[in-house]
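Look at the sequence and the 3D structure below.

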Amino acid sequence: MSDDVKNIMVILSSPSGAGKTTITKKIQQKYQSFKISVSHTTRKPRPNEIDGVDYNFVSKDEFQKLIDEKKFYEYAKIFENYYGTLKKTVDESIKKNDLIFDIDWQGTKQLSKFKNLKLIKIFLLPPDKNELKSRLIKRNQDSPEEVERRFKAFDNDTLHWLDYDYIIINENLENCYKQIENIILNYKNTQKLSYNSVSS
Ligand code: 5GP
C-alpha cells in the first residue's frame, strides 16, 4: 500500500461479549466513509449471519490455502477457529474508505508491524467479569460450552490492553459509542489540519 493513503483504520478489540460488534455497526451506519473490514473465518455461521457481510465463511482447507499463498495481512486461531484479514480487501477499500476492524489482539499485533498503515487501536472492556458472562449468555449466540470457553479467555485477552492506544470501559453502550466517535473525529480533524498545512 502506498504511503499517501489518507484514510484511517480503526481497530476495535475486546474480550468476546464486550460490545464491539454493535459499536462497529453503529459507526458504519452513521459515517458512510467507514466500511467494516469483512474477515475470513472457518467458524460456522450463526443463524443471523450472512456470508460476505458478517464474514466470508470458508473451509479450513480454503483458509490454509490463503495462508500458504500469503494472502493475509494477519490471521489468528481463536476458540478453535481461524480468522483473518485479506491484504487485497484492505488495500482496495482503504483507497476510498476509512476502515474499521473487529479483530483480536493477535491480529492487532500483526497489523501494527505494517508501519505504513494508519491505525487507531481501541480496546473495549466490560465493566466487570460477571457482567461479561451475563452478556455472553443473554445474547444467546453460542452454546453453553462456547460461552464458557469465551469467558475463560477473558484473563488472557485483557493482558494485551497495553498494546492499544485507547482503553474504554463499556458500562453504557451509548456513552461508549460517543467516546469512540470522539476519538475518531479528533483524529480525522487533526489529520485534515496537518494535510492542509503541508499542502498550503
Ligand atoms: P466471533 O466468533 O465472536 O465472531 O469472533 C471471535 C473473535 O474473533 C472476536 O474477538 C473477533 O474480534 C475476532 N476476529 C474476527 N475477525 C478477525 C480477524 O480477521 N482477525 C483476527 N485476528 N481476529 C478476528
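Is E80 buried, partly exposed or exposed? With a relative accessible area of 46%, E80 counts as partly exposed, because the buried class ends at under 20% and the exposed class starts at over 50%. This value, like the others in this report, is computed from a predicted model.

**Salt bridges**

E80 has a charged partner, K77, and the two form a salt bridge. K77 is partly exposed as well, with a relative accessible area of 45%. Elsewhere, salt bridges with shared partners join K26, E174 and K178 into one network. The general idea is simple: side chains of opposite charge can pair when their charged atoms come close.

In total, the structure holds 13 salt bridges. Three of them are set out here, each with the distance between nitrogen and oxygen.

| Pair | N to O distance |
|---|---|
| K25 and D54 | 3.3 Å |
| R46 and E49 | 3.8 Å |
| E80 and K77 | 3.8 Å |

The side chains of K25 and D54 meet in a salt bridge. K25 belongs to helix α1, which covers residues 20–30, while D54 sits in the loop between β3 (40–41) and β4 (56–57), so this pair ties together parts that are 29 residues apart in sequence. K25 is partly exposed, at 37% relative accessibility. D54 is also partly exposed, and its relative accessible area is 23%. In the pair R46 and E49, by contrast, both residues are buried.

**The largest pocket**

The largest pocket has a volume of about 1200 Å³. It is lined by 49 residues, and those closest to its centre are K20, T21, R46, Y55 and D102.

Which element gives the most to the lining of the largest pocket? Helix α1 does, with 6 residues. Several elements each supply at least two residues of this lining: α1, β5 (72–78), β6 (81–86), α4 (105–112), α6 (144–152) and α7 (154–158). By residue type, the lining of the largest pocket divides into 14 nonpolar, 19 polar and 16 charged residues.

**The ligand**

The ligand is surrounded by 16 residues, of which S39, R43, Y55, Y83 and R150 are the closest.

In R43, a polar side-chain atom lies 2.6 Å from an oxygen atom of the ligand. The side chain of S39 has an N or O atom 2.7 Å from an oxygen atom of the ligand. For D104, the ligand atom is a nitrogen, and a polar side-chain atom of D104 lies 2.7 Å from it.

**The side chain of N7**

N7 is found in the segment before β1 (9–13). Its relative accessible area is 18%, so N7 counts as buried, the limit being under 20%.

Which backbone oxygens does the side chain of N7 reach? One belongs to I94 and lies 2.8 Å from a polar atom of the N7 side chain. Another is the backbone oxygen of N97, which the side chain of N7 reaches at 3.4 Å.

Notes
Residues numbered from 1 in each chain as written. Predicted model: local features only at pLDDT ≥ 70, side-chain atom pairs only at ≥ 80, totals over all residues. Heavy atoms only, no water. Salt bridge = Lys/Arg side-chain N within 4 Å of Asp/Glu carboxyl O. Helix = DSSP H or I, 4+ residues; strand = E, 2+ residues; numbered from the N terminus. Buried < 20%, exposed > 50% of the residue type's maximum accessible area, 1.4 Å probe, protein only. 1 Å grid on protein atoms, 1.4 Å probe; cavity = no way out; pocket = protein on both sides within 12 Å on 5 of 7 lines; lining within 4 Å. Points joined across faces, edges and corners; volume = space filled by probe spheres on them. Nonpolar A, V, L, I, M, F, W, Y, C, P; charged D, E, K, R; others polar. Near = heavy atom within 4 Å. Polar contact = N/O pair within 3.5 Å; in protein donor to acceptor, adjacent residues only side chain to side chain.
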